[in-house]
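I opened this notebook page to record what I looked up, residue by residue, in the structure shown below.

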Amino acid sequence: MAIGPARNLFYLYLSKNNVSKLRFLSVSSGFLHTHFAEPKKIQDFDVYGHRIPTPPQFSSLWCNQWKRLNLFHFYGHHFTTVVENGDNELEVCDLDVEENECGDGGLGSEKRLNFVQIASRDPVEIYRELRDATKCEKQTRADWDTLIEIFRCFAQSGWASNQALAVYIGASFFPTAAQKFRNFFFKKCKVDVVKYLVSLGPCIEAEKILFPIFVEFCLEEFPNEIKNFRKMVESADLTKPHTWFPFARAMKRKIIYHCGPTNSGKTYNALQSFMEAKKGIYCSPLRLLAMEVFDKVNGLGVYCSLLTGQEKKHVPFSNHVACTVEMVSTDEMYDVAVIDEIQMMADTHRGYAWTRALLGLKADEIHVCGDPSVLNIVRKVCFETGDELVEQHYERFKPLVVEAKTLLGDLTKVRSGDCVVAFSRREIFEVKLAIEKHSNHRCCVIYGALPPETRRQQATLFNDPNNEFDVLVASDAVGMGLNLNIRRIIFYTLSKYNGDRIVPVPASQVKQIAGRAGRRGSRYPEGLTTTLQLEDLDYLIECLKKPFEEVNKVGLFPFYEQVELFAGQIPNSTFAELLDRFGENCRLDGSYFLCQYNHIKKIANMLEKVQGLSLEDRFNFCFAPVNIRDPKAMYHLLKFASSYAQALPVNIAMGMPNCSARNDSELLDLETKHQVLSMYMWLSNHFEGDKFPYFKKAEAMATGIAELLGESLANARWKPESRNAGKQQKVVKKDQGETKEQLCLNTSSHRRLQHDTASLALRVP
């Protein structure tokens with residue numbers, strides 16, 4: 001066959017009587033109309049060795065067909081090939097030919113393509129053919145464009161990236177491997193493979209054809225990368241976490257699930273078993289609750305020690321321990337263990353601590369207390385561990401009553417024993433100020449930033465009927481950890497700021513908080529709940545009627561030893577980079593998720609400038625209890641780490657305030673100072689004692705500041721401030737001349753409710 005300028009080849013082919021195959025090479029879309037203006041017909045045209053009685057003639061119809069197939073649009077590529085078969089149909093066998101290839105050489109095999117069979121061929125065989133090919137078979141510009149798009153989609157395919165993990169091609173390396181595979185394929189591509197891929201186009205089917213070829217390519221080209229990634233993945237393997245505790249697996253444990261809502265007696269019954277045991281441990285979700293159980297159990301004559309991140313109080317001759325769940329020992333043997341608020345296994349930040357306790361505690365009998373949301377997960381865990389599971393279901397002692405007559409925005413309707421729940425510090429103080437200004441009530445205050453000692457002092461003040469503090473204003477911190485004599489829970493709002501935007505309060509949290517109203521054996525055995533605004537009432541009822549949402553996954557986080565093993569696979573990485581790589585590459589079973597670690601990363605990035613800290617040191621510092629949104633607290637943590645890295649005794653470097661707060665700025669400063677002292681105490685208990693030698697001083701200062709905070713809250717008469725001013729919305733605005741009527745924040749709601757029956761109430765089981 002011949003290759004040359006299209007016009008000459010046309011005349012050459014038109015003059016021949018014997019043609020085995022007709023190939024037409026053109027330069028531009030206007031060539032035919034320029035040189036063959038007169039329409040002509042095709043007569044008796046045969047191929048493959050048959051004599052052609054009349055030279056092939058070309059009509060404008062054929063020209064239009066070729067143009068529709070883009071056979072004349074090559075954008076700078078000078079030659080292509082067209083084959084006409086015996087059925088008078090065009091068979092496209094186009095080849096990109098470079099300008100300097102216009103010699104006399106042939107273009108390769110003349111065999112017909114049968115690319116449809118590519119799908120049934122062995123990918124290994126296809127890869128070997130590509131690998132052994134000496135050069136790329138030429139393709140059309142249109143095919144190249146389609147092929148480029150197919151490989152672009154392949155490189156960005158989440159499906160292909162996930163599938164590649166099975167052969168240890170990591171998500172971070174996959175784009176590089178896909179790019180090199182693309183270069184390899186383009187240098188070695190064969191017409192039949194290309195044609196089949198082009199016929200599929202950029203789609204998942206094309207990705208499934210390419211993927212096994214890609215795997216063969218990677219296995220041959222990247223053996224070291226695959227080997228290293230395999231080691232890294234194996235070191236980040238979090239599958240089958242129940243096997244991490246072989247001694248617990250060697251025991252035949254009995255798990256008793258006390259399943260029920262608040263005020264149902266489930267924790268009381270579990271604690272009875274705890275106190276009756278020869279040796280027991282109680283795992284609390286909060287320091288506050290651990291301290292409360294510690295006091296209660298010792299008060300009943302059972303010697304019990306206290307162990308939290310900040311406190312270690314050993315009671316002589318005690319065989320019982322009340323601890324926070326993060327501090328539980330999986331090395332000690334116990335007769336009875338109690339894990340409270342077991343539904344916290346699903347918490348995105350702290351869930352790993354409950355999972356570890358349930359899987360690793362070496363106790364003959366483990367009592368878990370919580371709502372039904374994680375019951376199925378606990379069943380699955382017990383099946384995997386071989387533990388016996390006993391379920392004890394509880395109902396609330398007295399049904400919770402929803403008052404359909406809300407406060408209509410009027411805080412003067414608050415009564416003794418009420419608890420107004422708000423979801424920001426600013427709102428809490430605004431409500432306290434408004435109630436005390438326009439009524440005879442005095443308010444106690446509880447929110448998360450307060451130290452446990454201050455919260456206990458405020459709870460005791462509220463529970464005591466012999467003083468003027470008869471109303472409680474609290475955040476969602478009231479939902480857990482305190483025994484309070486609450487007559488009615490009033491939701492100031494049912495939306496809150498989640499750090500990004502205002503969102504509805506989750507139904508599970510609404511149920512937990514509302515359930516704090518009413519307490520068996522208190523002045524208010526029957527609990528009531530309602531809302532400040534009428535428009536929130538429907539959502540409250542909807543939340544309380546909803547069944548507990550079933551949890552499908554619970555939290556995990558690696559131990560230090562697992563992080564250390566992983567770090568050995570990627571040396572010279574920062575701790576923050578280690579966490580990111582671990583998160584990308586760890587493997588988890590379907591019942592588990594990796595707990596969020598953004599707060600840990602933020603601390604790790606801050607500590608990166610500190611030289612001389614070991615990996616274990618960084619790991620421990622990053623778990624210190626610090627508010628990452630408080631710059632002062634973060635600054636003190638950085639100073640502590642710097643002193644520790646220089647092998648110097650770590651000083652508190654903070655003075656003791658002389659008096660209670662006189663404004664909100666001073667109150668915020670007291671909160672920060674207590675948090676810094678709490679952090680120092682925590683670090684002292686997690687590092688060698690001589691590195692943090694001022695533990696006793698920090699403890700005494702923390703106690704003093706907690707007392708000052710209590711005094712400050714009792715005398716608070718100022719407008720609240722915020723550490724994150726501008727992010728929270730003002731809900732209550734008051735002027736100097738504000739009247740009682742101005743506290744009716746929603747007068748339209750008041751008018752709408754004039755026709756409601758005052759005694760209407762809805763009972764929620």
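Before the first entry I note the cut-offs I rely on: buried means under 20% relative accessible area, exposed means over 50%, and partly exposed is what lies in between. I also note that this is a predicted model.

Entry on Arg456. I looked up how open this residue is and found a relative accessible area of 25%, so Arg456 counts as partly exposed. I placed Arg456 in helix 17, which covers residues 452-463. Leaving aside its neighbours within four places in sequence, I find Arg456 in contact with Leu288, Met291, Glu292 and Asp295. I also checked Leu289, which is 167 residues from Arg456 along the chain, and the C-alpha atoms of the two are separated by 9.6 Å.

Entry on aromatic pairs. I remind myself that a pair of aromatic rings is described by the distance of the centres and the angle of the planes. The structure holds 35 aromatic pairs. I looked up Phe151 and Phe185, which form a tilted pair with 5.1 Å from centre to centre and 45° between the planes. Phe151 lies in helix 5 (residues 141-155) and Phe185 in helix 7 (residues 174-188), so this pair ties together parts that are 34 residues apart in sequence. Phe151 counts as buried at 2% relative accessibility, and Phe185 counts as buried at 0%.

Because Phe154 lies in helix 5 and Phe214 in helix 9 (residues 204-221), the pair ties together parts that are 60 residues apart in sequence. Phe154 counts as buried at 0% relative accessibility, and Phe214 counts as buried at 1%.

Entry on charges over rings. I found the charged end of Lys279 over the ring of Tyr334, 5.5 Å from its centre. I also found Lys511 over the face of Phe548, at 4.5 Å from the ring centre.

Entry on backbone angles. I keep in mind that most residues other than glycine have a negative phi. Asn263 is not a glycine, yet I read a positive phi of about 55° for Asn263. Asn263 sits in the loop between strand 3 (254-259) and helix 12 (266-276), and with a relative accessible area of 17% Asn263 is buried. Phe317, also not a glycine, has a positive phi of about 65°. I placed Phe317 in the loop between strand 6 (312-313) and strand 7 (320-324), and with a relative accessible area of 74% Phe317 is exposed.

Terms used:
Residues are numbered from 1 along each chain as its sequence is written. This is a predicted model: local features need pLDDT of at least 70, side-chain atom pairs count only at pLDDT 80 or more; totals for chains, interfaces and linings use all residues. Side-chain values use heavy atoms; hydrogens and water are left out. Rings of Phe, Tyr and Trp (its six-membered ring) pair if their centres lie within 6.5 Å; planes under 30 degrees apart count as stacked, over 60 as edge-to-face and the rest as tilted. Helices (H or I, at least four residues) and strands (E, at least two) are DSSP runs, numbered from the N terminus. Buried means under 20% relative accessible area, exposed over 50%, partly exposed in between (1.4 Å probe, protein chains only). A charge sits over a ring if NZ of Lys or CZ of Arg is within 6 Å of the ring centre and within 35 degrees of the ring normal. Contact means heavy atoms within 4.5 Å.
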